[in-house]
Amino acid sequence: MAHLRRMAAIVLISWLVLPLVPLAIWSFARGWTFPNLLPQNWTLQPWAFALSPQSGVLHSLGLTTGIALAATALSVLLGVPAGRALGQYKFRGKTLIELIILAPIIMPGIAVAMGLQSVFIGLHLNNTVTGVVLVHLIPTLPYMVLVMSGIFAAYDPQVEDQARSLGASPGQVFRHITLPAILPGIIVGAMFTFLVSWSQYILTLVIGGGRVQTLPLLLFQFATSGRNDITGAIGMIYILPGVLILILTARHLTGRSSAITGFGQ
Amino acid sequence: MQDRLKITLLLTPALTVIGVLFFGGLGFSLLRSFNYMPIIGMNDPNLDAYRSVLASPQVYRSLALTLYIAATSTLIASVLAVATALLLRRSFRGRAIASFLVHLNLTIPHLVGAIGILYLFSQSGSFARMAYGVGLITKPADFPAIVFDPYAIGIIATYVWKELPFITVITLANMQTLGNDHESVARTLGASRWQAFRHVLLPQIMPGLLSASAIVFAFTFGAYEIPALLGASAPQTLPLMAYRGFTDVNLASHPQAMALAMLIAAVSAIMIALYTRALRNKRRG
Amino acid sequence: MTHLSITDLSKTYPSAPQPALNNLTLDIPSGSLTALLGPSGCGKTTALKIIAGLLAPTSGDVRLDGTSILSQSPDRRGAVMVFQNPLLFPHMTVAENIGFGLSMRHLPKADIAARVAEMLTLIQLPNIGPRRPSQLSGGQAQRVALARALILRPRLLLLDEPLSNLDTTLRAEMRDLIRSLQRTTGITTIFVTHDQEEAVVLADQIALILDGRLQQFGPPDAFFKRPATQTIARFFGGVNFIAGHNKGGTFSSALGALLVQADLREGPGTLTIRPENIRLGAAKHNTVQATLLERTYLGVQTRLILCVGGVNLEASVNPDDAAQLDIGAILPINLPPESLWLLPQISTGANQSKAFVQHQ
């Protein structure tokens, strides 16, 4: 049994790490032809090219980061209040509202984005960064609401009443009582939301019309053009925020899993 | 009454945004699938797009392929995820690494996974090179087509790689909440290891597992970039077909693309229904 | 009828400095009800889990009727464990829970249903079969857990703190139920408890375990009358300890020369007498003059603190007898020789007794 478990663990670890290995090697390879198991020559050139202005990677990186930050900020602003309502109160029609908020997580983006594009044309939001930020809210906002409703379900609002009776104004209560209590949740939720936006492909493609070239769009382009070395370098850059966030949040990174446990209470 | 007002105020901004963007988008897709678009002078809604879509054998092949990919990926990922969760539940040497990789994988975009699978499994990829090294093949073309192939093995491999950790994390959290006392009781009551799993643990993790599987199914059914990168040129999956129609210079093909999008949405809606049912059962239990 | 023998059983958990269980040896007669008594963390649940097969011991052996069962998996041992929490399977009805073990053996459904009905009657809850565990009270759930174990007619029944999650009234009811079920079925039963009173009331014999070691094993009254060490005496409410020397049936101490029974060991030792055995007034033997320091009325009895020759003694007496006594008065008391018991001079576990007092 123990033997079997060890074997299973080795298979699992290999399977998880394996697809990343050729990607990483390619980013340091020069002329890695069939059938060599490793590149004949090692080089930093793919990285140098990826980080040079002409490749457009840096531009895409800035664009992707900006879009993800904007979508996250909006999600926090809109999602924290909604999370409070769903986490703290029981009311008629709550199940329906939960369903309305959950639906965008499950419904494939392509079905929504194609219809939205025809509306955005009229609003001149098509092919714009603003349009892309807005469409990214479709998957990011529900996640933020989910995370926050979990946080608020575990938060006792009586401490706010206590603070009020001790002479705090509503503003002071929010600033000194509510915010510190929910801040860790907001941070975890925000990092998660950031990653959700960071990973979007089809929403950006449809609404951005190819003009708003985020990192995944650029990565796809290089991947299909056979530039494996540059693709490897961009791929490594592209997974970096996820790795950082994983290290920062350690084991809290189960935001998507709160979609399973459902809303608080 | 005051609570009611407060709840309304708290919910309105988020619901408005989701309502306008999500339901608005979906609604417009629906209207256009009925050939209804007053702005460009299409004032008579009809079912032409659906008629032509449902008459096309290409669409059925595409639907079959898409369902096959989603079902196979979900099934394989779910079964392996339960096994992985059972493995990670125990302590063993290397569990920390395995657990870190499972979580790391959650953060990696699907596209990167797909490229990794491409570089591993393509006919000039790492595995082909290894096969050459041990003398199994003499040229790249001898290596079996695992990507761009009709069986969509590369696509399924990517989904299994990416979704296995997702289902694992949920199932493992579930198992850890449950603890293993129930299984211990079952064991002393005469249940074998398998019986304790089958009759005691599995029924208890099932609601969470079903919910996770529903999400994975809906995602794999509607995803674009992975089949776009790894799929064969024909048949294509539904999302690819829809997007192709959508970007066609011939505006007449747009309603058909929208009808395909509605088909995708309908399948996902069924998944949402199953998901909420599982969630309700879980709460009751 | 199953005879259980445990030999030199030890368990050290990985990364724990101390063994959780240290060379436990016990011989449990067939058909008896045995308590493993000790404070939480003393290793008693570890012992139970090893017997059930849920834990592997570091060393030692467990034999049922002479055959070692350590190599058998938990489902083959015929040793059924009932946990502190009822741990009913939430996705099954009460009837399915009780019938679980039988359905694992693939018995015909009709037979299972008949025996489940029988068990429901036995636990005096005949109508709850179709209910879900979430609809049961704590006491009901615990009874169902017991029925789920007993239906298998196990060779050995292992109960882990079966009463600790119940409130006082339910606890007494459940205690009586366990006692009567054990008597009627004759199943060799071991139960783990931290409650000294529960062990005394319920068990045929008690194994007292402190810090993973067996301290004393015997019938309940032996722990009151003949405790092996001062630690054990304290555990069972002993408070009076008098240092001195025993020679030829006479114990010399600060209280003077006391007559003791002839079979007590000779040499230096600690004399102990339970508070309820100290008598007011003079008697033929062992009468001493005591100064009354404190008097506390406790309802059914009155507690007196008395000073004799610089040694403080605690006595429990009839409230009526103590009502007229004044603080500071000097009065005769006697210590009946048959109530005196001699302990080894130095307690083997000074630290243990301290730890336990804190636990109390």
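Two strands pair if DSSP finds at least two bridges between them. In this predicted model, that rule links strand E1 (residues 4–11) of chain C with strand E4 (residues 59–64) of chain C. The two run antiparallel and share five bridges. Within this pair, C:Ile6 has C:Val62 of E4(C) as its bridge partner.

E4(C) also pairs with strand E5 (residues 67–68) of chain C. Here the sense is again antiparallel, and two bridges join the strands. One of the contacts along this pairing sets C:Arg63 against C:Ser68 as bridge partners. E4(C) and E5(C) form a hairpin with two residues between the strands. In that hairpin, C:Asp65 adopts a positive phi near 50°.

Further along chain C, five strands make up an open sheet. Their order is E15-E19-E16-E17-E18, and the pairing is antiparallel. The edges are held by strand E15 (279–280) and strand E18 (311–317) of chain C. Each of these has a single partner strand, so one side of each lacks a neighbour in the sheet. Inside the order, E19 stands between E15 and E16. Strand E16 (residues 287–297) of chain C and strand E19 (residues 330–334) of chain C are joined by five bridges in the antiparallel sense. For C:Gln289, the bridge partner in E19(C) is C:Pro332. In a regular strand, side chains alternate between the two faces of the sheet.

The interface of chain B and chain A was examined next. Chain B contributes 95 residues to the contact, and chain A contributes 84 residues. Together the two chains bury about 8000 Å². Carbon and sulfur atoms account for 81% of that area. On the chain B side, the residues losing the most area to chain A are B:Leu21, B:Tyr119 and B:Arg129. These three together supply 10% of what that side buries. Helix H1 (residues 2–33) of chain B gives the most to the side touching chain A, with 20 residues. By residue class, the side of chain B that touches chain A divides into 67 nonpolar, 17 polar and 11 charged.

Between chain B and chain A, the rule finds zero salt bridges. It does find 10 residue pairs in polar contact across the interface of chain B and chain A, with both residues at pLDDT 80 or more.

Technical notes: Residues are numbered from 1 along each chain as its sequence is written. Chains are lettered from A and ligands numbered from 1 in the order in which they are written. This is a predicted model: local features need pLDDT of at least 70, side-chain atom pairs count only at pLDDT 80 or more; totals for chains, interfaces and linings use all residues. Side-chain values use heavy atoms; hydrogens and water are left out. Contact means heavy atoms within 4.5 Å. Buried area is the accessible area (1.4 Å probe) that two parts lose on being put together, summed over both. A salt bridge is a side-chain nitrogen of Lys or Arg within 4 Å of a carboxyl oxygen of Asp or Glu. A polar contact is a pair of N or O atoms within 3.5 Å; within protein, one must be able to donate a hydrogen and the other to accept it, and residues adjacent in sequence count only if both atoms are side-chain atoms. Helices (H or I, at least four residues) and strands (E, at least two) are DSSP runs, numbered from the N terminus. Ala, Val, Leu, Ile, Met, Phe, Trp, Tyr, Cys and Pro count as nonpolar, Asp, Glu, Lys and Arg as charged, and the others, Gly among them, as polar.
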